Amino acid sequence: MSVPAELSYTEEHEWVSISDGVATVGITKYAAEALGEIVFVEPPETGATVAAGDTCGEVESTKSVSDIYAPVSGEVVDVNAAAVEDPEIIGTDPYGQGWLFKVELSEEPKDLLSPEKYTQLTEGEG
């Protein structure tokens, strides 16, 4: 499975890309494949404050509903309207057009996994 080397990850299967104090967040390909056909997503609202590790939304598939956990702390500054309108792109392009939301960081992220650690985690579960 493809795990992009430029991203950081969480044990809950979110990915994070940080640039200029803003983190872009999505779910990993591993999570998208485990969910199956994604039919609904509810990311946090723009302006909401999220705390690392807290539930901040959900992704629903034909199989189940899964919580989205904030991998970082800060204020939500953007939500991917395209993913809300067409949740299938989360499954087809999780690291590109399927991103979920952006957070202006209020503190340095902690406990993020390297691509290598995330690969070890998913291979252990697979």
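This is a predicted model: local features need pLDDT of at least 70, side-chain atom pairs count only at pLDDT 80 or more; totals for chains, interfaces and linings use all residues.
## A pairing to start from

Valine 79 stands opposite phenylalanine 101 in strand S9. Valine 79 belongs to strand S8, which covers residues 74-79, and S8 runs antiparallel to S9 (residues 101-105), the two being joined by five bridges. Another position to look at in this pairing is glutamate 75, whose bridge partner in S9 is glutamate 104.

## The sheet around S9

Now let us step back to the sheet. Six strands form an open sheet in the order S1-S2-S3-S9-S8-S5, and their pairing is antiparallel. Its edges are strand S1 (8-9) and strand S5 (49-50), each of which pairs on one side only. S9 also pairs with strand S3 (residues 22-27), again in the antiparallel sense, over four bridges. Within S9, valine 103 is the bridge partner of alanine 23.

The two faces of S9 are worth a look. In a regular strand, side chains alternate between the two faces of the sheet. In S9, Phe101, Val103 and Leu105 make up the covered face, while Lys102 and Glu104 make up the uncovered one. Lysine 102 has a further contact to show you: its charged end sits over the ring of tryptophan 99, 5.0 Å from the ring centre.

## Two aromatic pairs

The structure holds two aromatic pairs. In one of them, tyrosine 9 and tyrosine 118 are stacked, with 4.8 Å from centre to centre and 15 degrees between the planes. Tyrosine 9 lies in strand S1 and tyrosine 118 in helix H4 (residues 115-125), so this pair ties together parts that are 109 residues apart in sequence. Both tyrosine 9 and tyrosine 118 are buried.

Tryptophan 15 and tyrosine 95 form a tilted pair, at 6.1 Å centre to centre with 55 degrees between the planes. This pair also links distant parts of the chain: tryptophan 15 is in strand S2 (residues 14-19), and tyrosine 95 is in the loop between helix H3 (88-92) and S9, 80 residues apart. The burial of these two residues can be read from their accessibility. Tryptophan 15 has a relative accessible area of 2%, so it counts as buried. Tyrosine 95, at 22% relative accessibility, counts as partly exposed, because buried means under 20%.

Tyrosine 118 brings us to its helix. The buried residues of H4 are Pro115, Tyr118 and Thr122. Viewed down the helix axis, the buried residues of H4 fall within an arc of 60 degrees, so they line one face of the helix. An α-helix has 3.6 residues a turn, so residues three or four places apart point the same way. Among the elements covering the buried residues of H4 are S1 and helix H1 (29-35).

## The protein as a whole

Overall, the secondary structure comes to four helices and nine strands. Along the sequence, they follow the pattern β-β-β-α-β-β-β-β-β-α-α-β-α. The C-alpha trace spans about 35 × 35 × 20 Å along its principal axes. A compact globule with 126 residues would have a radius of gyration near 14 Å, and the 13 Å of this protein agrees with that.

Of the 126 residues, 41% are buried. Looking at contacts between residues at least 6 apart in sequence, 61% join residues at least 24 apart.

Conventions
Residues are numbered from 1 along each chain as its sequence is written. Side-chain values use heavy atoms; hydrogens and water are left out. Two strands pair if DSSP finds at least two bridges between them. Rings of Phe, Tyr and Trp (its six-membered ring) pair if their centres lie within 6.5 Å; planes under 30 degrees apart count as stacked, over 60 as edge-to-face and the rest as tilted. Buried means under 20% relative accessible area, exposed over 50%, partly exposed in between (1.4 Å probe, protein chains only). A charge sits over a ring if NZ of Lys or CZ of Arg is within 6 Å of the ring centre and within 35 degrees of the ring normal. The arc is that of the directions from the helix axis to the C-beta atoms. Contact means heavy atoms within 4.5 Å. The radius of gyration is taken over C-alpha atoms; the globule rule is 2.2 Å times the number of residues to the power 0.38.
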